[in-house]
Amino acid sequence: MIVRRLDDIKGTALDVKTSNWVSRRLLLARDGMGFSLHETTIFAGTETHIWYQNHLEAVYCIEGSGEIETVADGRVHAIRPGVVYALDDHDEHYLRAHEDMRLVCVFNPPLTGGEVHDEKGVYPLLADVAE
Ligand code: 9YT
């Protein structure tokens, strides 16, 4: 069994920060679960262009508020605690935080660790396997 605490991840290589968000990678590809699990805080006032062409992601909000706009149809959905969205069609989108938003994120296939968005909002598909 794997047991990890958020406090043990803060300040390590599993604590990945950009100008728009910080992501604590709780479970990764090497853990062999078939998905990765992250706690992400999106900073208030930011807008992030995201397009996970290589991954599916589900996002569950546990704190804060914001919105997601899907590029294909311009629809805007409010995000607040208790709301989940799933990018089941690799949906290109803009994520905006009105307040710091704390999100629980699950990726399939799992991330390997240090991924940050490229200029198109994409994460590369990196191979990593459980030992
Ligand atoms: C919601 C979202 O995708 N935010 C960007 C960071 C990502 N959740 C991650 O790498 O943990």
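Which strand does Ser 36 lie in? Ser 36 lies in strand E3, where strands (E, at least two residues) and helices (H or I, at least four) are DSSP runs numbered from the N terminus. Before going further, a word on the ground rules: this is a predicted model, in which local features need pLDDT of at least 70 and side-chain atom pairs count only at pLDDT 80 or more, while totals for chains, interfaces and linings use all residues. Residues are numbered from 1 along each chain as its sequence is written, and side-chain values use heavy atoms, with hydrogens and water left out.

**Around Ser 36**

Ser 36 has a relative accessible area of 0%, so it is buried; buried means under 20%, exposed over 50%, and partly exposed in between, with a 1.4 Å probe and protein chains only. The side chain of Ser 36 makes a polar contact of 2.8 Å with the side chain of His 38. It also reaches the backbone nitrogen of Leu 111, at 3.0 Å. A polar contact here is a pair of N or O atoms within 3.5 Å; within protein, one must be able to donate a hydrogen and the other to accept it, and residues adjacent in sequence count only if both atoms are side-chain atoms.

Leu 28 counts as buried because its relative accessibility is 2%.

**The ligand**

| Side chain | Distance to a ligand oxygen atom |
|---|---|
| His 38 | 2.7 Å |
| Tyr 52 | 2.7 Å |
| Glu 57 | 2.9 Å |

Taken alone, the ligand exposes 310 Å², and the protein buries 100% of that. These areas come from the Shrake-Rupley method with a 1.4 Å probe, and for residues only the protein chains shown count as cover.

The ligand sits in the largest cavity. On a 1 Å grid over the protein atoms alone, a cavity is a set of points where a 1.4 Å probe fits but cannot get out, and a molecule sits in one if more than half of its atoms lie within 2 Å of its grid points.

Strands E2 (21-27), E3 (36-42) and E10 (101-108) are the elements that give two or more residues to the shell around the ligand. There are 16 residues around the ligand, and Ser 23, Arg 25, His 38, Tyr 52 and Tyr 123 come nearest; a residue is near if one of its heavy atoms lies within 4 Å. By class, the shell has 10 nonpolar, four polar and two charged residues. Ala, Val, Leu, Ile, Met, Phe, Trp, Tyr, Cys and Pro count as nonpolar, Asp, Glu, Lys and Arg as charged, and the others, Gly among them, as polar.

**Backbone details**

Most residues other than glycine have a negative phi, and most peptide bonds are trans. His 90 has a positive phi of about 50°, and is found in the loop between strand E8 (84-86) and strand E9 (93-97). The peptide bond from Asn 108 to Pro 109 is cis, with omega near -5°. Pro 109 belongs to the segment after E10.

Methods: 1 Å grid on protein atoms, 1.4 Å probe; cavity = no way out; pocket = protein on both sides within 12 Å on 5 of 7 lines; lining within 4 Å.
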